[in-house]
Amino acid sequence: QVQLMESGGGLVQAGGSLRLSCAASGSIRSIMNMDWYRQAPGKLRELVASITLGGRTNYADSVRGRFFVSRDNAKNTVYLQMDSLKPEDTAIYYCNVHAVVTTTSLLNSFWGQGTQVTVSS
């Protein structure tokens, strides 16, 4: 139905920056919220940032002022600009897209495969 392709993860030193991308494709009628989650080893998956169709954003307290979420509706793509990275930002980052699919006209939630972000001290 809907496929998500994430990219942009990698290894960076503390204080550095990375930009994640997540492109949605498939039987998409419309995309509502687009979210970024992360999961560190031994920890629960947590919401990092979200953006509505209208562009309203929300951030976890731990990343506010350092991470910035944006979207390109024409490309069905969401981005996460991560600045001033810290070792505690190390995790697998997942995009989560809430989309109405053409086949059912229902709103469903879709997950990306995850991309590793490692921040060295």
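In which sense do S9 and strand S11 (residues 115-120) pair, and over how many bridges?

Modeller: S9 and S11 pair in the antiparallel sense, over 3 bridges. The model is predicted, so to speak of local features a pLDDT of at least 70 is required, side-chain atom pairs count only at pLDDT 80 or more, and totals for chains, interfaces and linings use all residues. Numbering runs from 1 along each chain as its sequence is written, and side-chain values use heavy atoms, with hydrogens and water left out.

Strands here are DSSP runs (E, at least two residues; helices are H or I, at least four), numbered from the N terminus. Two strands pair if DSSP finds at least two bridges between them.

With S10, S9 pairs in the antiparallel sense over 5 bridges. The strand S10 spans residues 107-111. Asn-96 stands opposite Trp-111 in S10. The hairpin of S9 and S10 has 5 residues between the strands, and Ser-105 takes a positive phi near 60° there.

Rings of Phe, Tyr and Trp (its six-membered ring) pair if their centres lie within 6.5 Å; planes under 30 degrees apart count as stacked, over 60 as edge-to-face, the rest as tilted. By this rule there are 2 aromatic pairs. The rings of Tyr-37 and Trp-111 have centres 5.0 Å apart and planes at 55°, so this pair is tilted. Because Tyr-37 lies in strand S4 and Trp-111 in strand S10, the pair ties together parts 74 residues apart in sequence. Trp-111 counts as partly exposed because its relative accessibility is 40%. The rings of Tyr-94 and Trp-111 have centres 6.5 Å apart and planes at 80°, so that pair is edge-to-face. Tyr-94 lies in strand S9 and Trp-111 in strand S10, so the pair ties together parts 17 residues apart in sequence. Tyr-94 counts as buried because its relative accessibility is 13%. Tyr-37, Tyr-94 and Trp-111 form one aromatic cluster.

How values were computed:
Buried means under 20% relative accessible area, exposed over 50%, partly exposed in between (1.4 Å probe, protein chains only).
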